2 protein chains.
Amino acid sequence: MPRPLNKPELKYPPSRAVRVKNVTIGGGSPVTVQTMWKKPLEAIDDALLAGIGALRAAGCDILRFAAPTLREAELLGELQSRLDFPLVADVHFDHRIALECLRRGVPKLRINPGNIGPAWKVREVLEAAKGAGAAVRVGVNAGSLRPALRREPDTVKAMLASAEEELDLLEKFAFSDTVFSFKSSSVETTVAVNRAFRKSHDHPLHVGVTEAGPLVPGLVKNSAALYALLSEGIGDTVRVSLSDEPRIEVEAGREILRAAGLSKRGVNLVSCPACGRSEFPVREFCERLAPRLAAFGKDVTVAVMGCPVNGPGEAAHADLGITGAGDRALIFKKGAIIRRELIEGALEAFLEELEKL
Amino acid sequence: MPRPLNKPELKYPPSRAVRVKNVTIGGGSPVTVQTMWKKPLEAIDDALLAGIGALRAAGCDILRFAAPTLREAELLGELQSRLDFPLVADVHFDHRIALECLRRGVPKLRINPGNIGPAWKVREVLEAAKGAGAAVRVGVNAGSLRPALRREPDTVKAMLASAEEELDLLEKFAFSDTVFSFKSSSVETTVAVNRAFRKSHDHPLHVGVTEAGPLVPGLVKNSAALYALLSEGIGDTVRVSLSDEPRIEVEAGREILRAAGLSKRGVNLVSCPACGRSEFPVREFCERLAPRLAAFGKDVTVAVMGCPVNGPGEAAHADLGITGAGDRALIFKKGAIIRRELIEGALEAFLEELEKL
């Protein structure tokens, strides 16, 4: 059921465009999906490249790495030269690491000018970024405000004040390729602070919830906050943050964009929750099917339904669907049954029909 | 960090109250969490009761069962008499099953008067429900509209028209203890149709996304839609629908209420996503910790953080937190380190401190 991409009613003026290598954040460009590599970066080997390839296939547009030492700066430069999409270096406290990343071609830094040290260090970093055509993300986190701001009882106000301090520094050195993020572990705070900043600034926003938790609570918090913001037209790039695999962060980010009508990339898998009437192993079938769909580029809706009574009817909107009746699987197309198979052979038969679409 | 429960700006008049045994849906009562039993109901044995007990402990307020035959109606009556919270029978097509459920004390039916048959059957069911003081949920699903309505290109309009037909039947027989639900597998449609109905009717709303899919896409769609609605004050009871365990549906429902500021029940587990700087096995620790928190009744925030540099500071809002430095786990309280333990003994030490709070 192709439908036009959502054009949310523009409550806010468009954000400015910030270029990061071959990707544009803001300025009306498609919203991008990010994640962060979670293991220490020790070498550029096949395992690393395969892992990155899998994230890319799942829909990762931008990938961030922590760069706690000069060694990571060096490795990130080498890694970037081998990839066709942008990396971001996450740098704290030590401006020499930031300079080294820029020198080696990393196209974006995540820094807080305020924790890079005295003004001359900030200037050096921002001038190097300008010279390299690199972008900067300033990340304002509710949990890491400076002590004076922490005493402010209104967290939203404190986060905005912190951003203004960072903005003063950026403007002092006439740096403008800046993306901002405002993260909290509270959905309410995250939504409120992004709305407030967006009202008065045109910097593109990287949106996410921080310390969101493990899979279930983490997905709930990220989906709630990011959908609320994106459906209002706020957010230029997203990062779902979970205490789980980066691949899941990317998949969830893509799903959130799809829910907000901002992306149609890949297969939309719908499936019923199953109940006492079910005659088909919905969950097990989904678990076997989902990995086979990841690299499937077509924009189609696929349905896995528990019972033959409601299944084909309820999922008549699906391009292809499957349900069960006794020992048979019924494959249906736009609600009409086209094939009956033994349950054992159902997955392969289903994938065969999917290829034909 | 205790904070008052959210009182969303009332854009809509309050819903009417519908009583279901000892639970009230609507009328300003706390929003309740539902799920559905997914296996056929064959006997009331220890396994069933233990499973229901686990759902109850996770925060399930109302539990639904499919009742495809008279046998389930009989079992549900017996089961209800042994439980201190309400059951719902999901009945289609056969009005005798609905009557049997009511006769045996099931306090709520999920039916669609329109598919129960001719008017005399609908009247019998509604009169029996009135006599028994039972409630009815009318479930309007985008996928199961009658053929004439399916031809309407605007799904929201078609679903509202279907509800009006059901309402006519209910009003004809002066039945008013009705909860409505409007479900679609599209987040956008689900949000739009609930908003539209709520503008003109005061029936309490059971909110959910149907055929939401397996865990990751399913949690994204449910969280996005339900948070969007609840944060506007729409929704009196929620059901997260996933092709996964009912327990996860309940946990996710509770998390969504918490995100919307509508519930403070239980422990708020926050944890960082971990990155290349991590010195603590965040995900593994969360996986071991989470099940131990399920039955822990206190309203506290617990943080599991990857690194000692940011951890205690970023999670200073947490009542209790843990992170690692080398081979030690650091336990902190409101940001201040109170204990250092070997990683192996960290979980038990952490639970010990949690008990002391």
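Biologist: What area is buried between chain B and chain A?
Modeller: In this predicted model, about 5200 Å² is buried between chain B and chain A, and carbon and sulfur atoms give 57% of that area. Buried area here is the accessible area (1.4 Å probe) that two parts lose on being put together, summed over both.

Biologist: Which three residues supply more of the area that chain B buries than any other three?
Modeller: They are B:Glu211, B:Pro273 and B:Glu314, which supply 13% of the area that chain B buries against chain A.

Biologist: And how many residues does the contact take from each chain?
Modeller: Chain B gives 66 residues and chain A gives 66 residues, with contact meaning heavy atoms within 4.5 Å.

Biologist: What conventions apply to these numbers?
Modeller: Residues are numbered from 1 along each chain as its sequence is written, and chains are lettered from A and ligands numbered from 1 in the order in which they are written. As the model is predicted, local features need pLDDT of at least 70 and side-chain atom pairs count only at pLDDT 80 or more, while totals for chains, interfaces and linings use all residues; side-chain values use heavy atoms, with hydrogens and water left out.

Biologist: How many polar contacts and salt bridges are there between chain B and chain A?
Modeller: The rule finds 27 residue pairs in polar contact across the interface, both residues at pLDDT 80 or more. A polar contact is a pair of N or O atoms within 3.5 Å; within protein, one must be able to donate a hydrogen and the other to accept it, and residues adjacent in sequence count only if both atoms are side-chain atoms. There are six salt bridges between the two chains, each being a side-chain nitrogen of Lys or Arg within 4 Å of a carboxyl oxygen of Asp or Glu.

Biologist: Which element gives the most to the side of chain B that touches chain A?
Modeller: That is α8(B), with 10 residues. Helices (H or I, at least four residues) and strands (E, at least two) are DSSP runs, numbered from the N terminus.

Biologist: Where does A:Asp90 lie, and which residue of chain B does it pair with?
Modeller: A:Asp90 forms a salt bridge with B:Arg277, the closest N and O atoms being 3.5 Å apart. A:Asp90 lies in strand β5 of chain A and B:Arg277 in the loop between β11 and α10 of chain B, so the pair joins two chains.

Biologist: What about A:Asp90 and A:Arg64?
Modeller: Their side chains also meet in a salt bridge, at 2.3 Å from N to O. This pair links strand β5 (residues 87-90) with strand β4 (residues 62-66) of chain A, 26 residues apart.

Biologist: Is A:Asp90 buried or exposed?
Modeller: A:Asp90 counts as buried because its relative accessibility is 2%. Buried means under 20% relative accessible area, exposed over 50%, and partly exposed in between (1.4 Å probe, protein chains only). A:Arg64 is buried at 6%, whereas B:Arg277 is partly exposed at 22%.

Biologist: Changing topic, where is B:Glu232?
Modeller: B:Glu232 sits in the loop between α8 and β10 (237-239) of chain B. Its side chain makes a polar contact of 3.5 Å with that of B:Tyr12.

Biologist: Finally, what is the average pLDDT of chain A?
Modeller: Chain A averages 92, and 97% of the residues score at least 70; pLDDT is the predictor's confidence in each residue, from 0 to 100. Over residues 1-8 of chain A, however, the pLDDT is below 50. Where pLDDT is low, the predicted coordinates should not be read in detail.
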